[in-house]
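Hi everyone, thanks for coming.

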Amino acid sequence: MKKVLPSIFTIMIIAVLMGFAHEGQAQSTSRANTLKEPNLGYTISYPGDWVYAYQAPHIVIFTPRKGKDGGPVISLRNLNSTKIPGGRYKDSDAVIETLMTQLKTAKDVSVYEPEPYPYAKGQTKLMGKQLTAEYSIRGEKYKQYVVVLPRPTGEVFHLWSFVAPEKAYEAFLPTAKAMLHSIDLQ
C-alpha cells in the first residue's frame with residue numbers, strides 16, 4: 001500500500017502549477033539576496049527579483065516575482081536519511097532512484113542517466129548525484145534538473161531542483177546554476 005504523503009515529484013509539480021503561499025523578504029533589486037535558515041542546514045543566494053516561500057518547514061520554493069514570464073521554479077527540500085528515525089534514504093542513489101521512479105509516471109518522459117555531482121566549499125567536499133528529465137504536464141513540455149547533496153554527517157539529503165517549461169528552460173538555466181553553486185552547507 002502506498003503512503004498518503006506526496007511524492008518528491010508531486011511536490012515539485014504542485015509548486016510549478018499552483019504557485020506558493022508565503023513570500024520571503026526579497027527586495028526588488030538586481031543584487032542577490034541570501035536565505036539563511038540555521039534549521040535547514042544551508043544558505044543559498046537568489047536573485048533580487050525572485051521571491052521564496054516555505055511549502056513546508058523543510059521545503060523552500062524560489063520563483064521570479066509575479067509578472068515574469070516562463071514559470072521557472074527552484075526548490076530545495078531536506079530529506080532524512082536512514083540514520084534518522086523514520087528516514088527513508090540510505091544514500092544519494094536511493095533519493096535519485098525514488099525520484100526516477102516518480103518521474104516515470106509523467107507523460108512523454110525522458111529521464112537521463114544520473115551522474116556524480118562533486119560539491120566543494122571550504123573544507124567541505126562531498127559527492128552528490130544529478131540528473132535531468134523531460135516530461136509533459138497538461139500538454140506542456142517541462143525540463144527538470146535535479147541535484148542531491150548529502151549533509152557531511154549523512155543524516156539529511158538536500159534535494160535541489162530546477163523546473164521550467166521547455167521553452168524557458170535554457171533562458172533560466174544560468175540563474176538556476178548560479179543559485180545551485182551558491183549553496184553553502186553549514
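Let me start with Lys167, which makes a salt bridge with Glu140, their closest N and O atoms being 3.3 Å apart. By salt bridge I mean a side-chain nitrogen of Lys or Arg within 4 Å of a carboxyl oxygen of Asp or Glu. Lys167 sits in helix α3 (residues 166-182) and Glu140 in strand β9 (residues 140-150), so this pair ties together parts that are 27 residues apart in sequence. Helices (H or I, at least four residues) and strands (E, at least two) are DSSP runs, numbered from the N terminus.

Before going on, please remember that this is a predicted model: local features need pLDDT of at least 70, side-chain atom pairs count only at pLDDT 80 or more, and totals for chains, interfaces and linings use all residues. Residues are numbered from 1 along each chain as its sequence is written, and side-chain values use heavy atoms, with hydrogens and water left out.

How exposed are the partners? Lys167 is exposed at 74% relative accessibility, while Glu140 is partly exposed at 27%. Here buried means under 20% relative accessible area, exposed over 50%, and partly exposed in between (1.4 Å probe, protein chains only).

Next, Lys143 pairs with Glu170, with the closest N and O atoms 3.8 Å apart. Lys143 lies in strand β9 and Glu170 in helix α3, so this bridge also ties together parts 27 residues apart in sequence. Lys143 is buried at 18%, whereas Glu170 is exposed at 52%. Glu134 joins Lys143 and Glu170 in a network of salt bridges.
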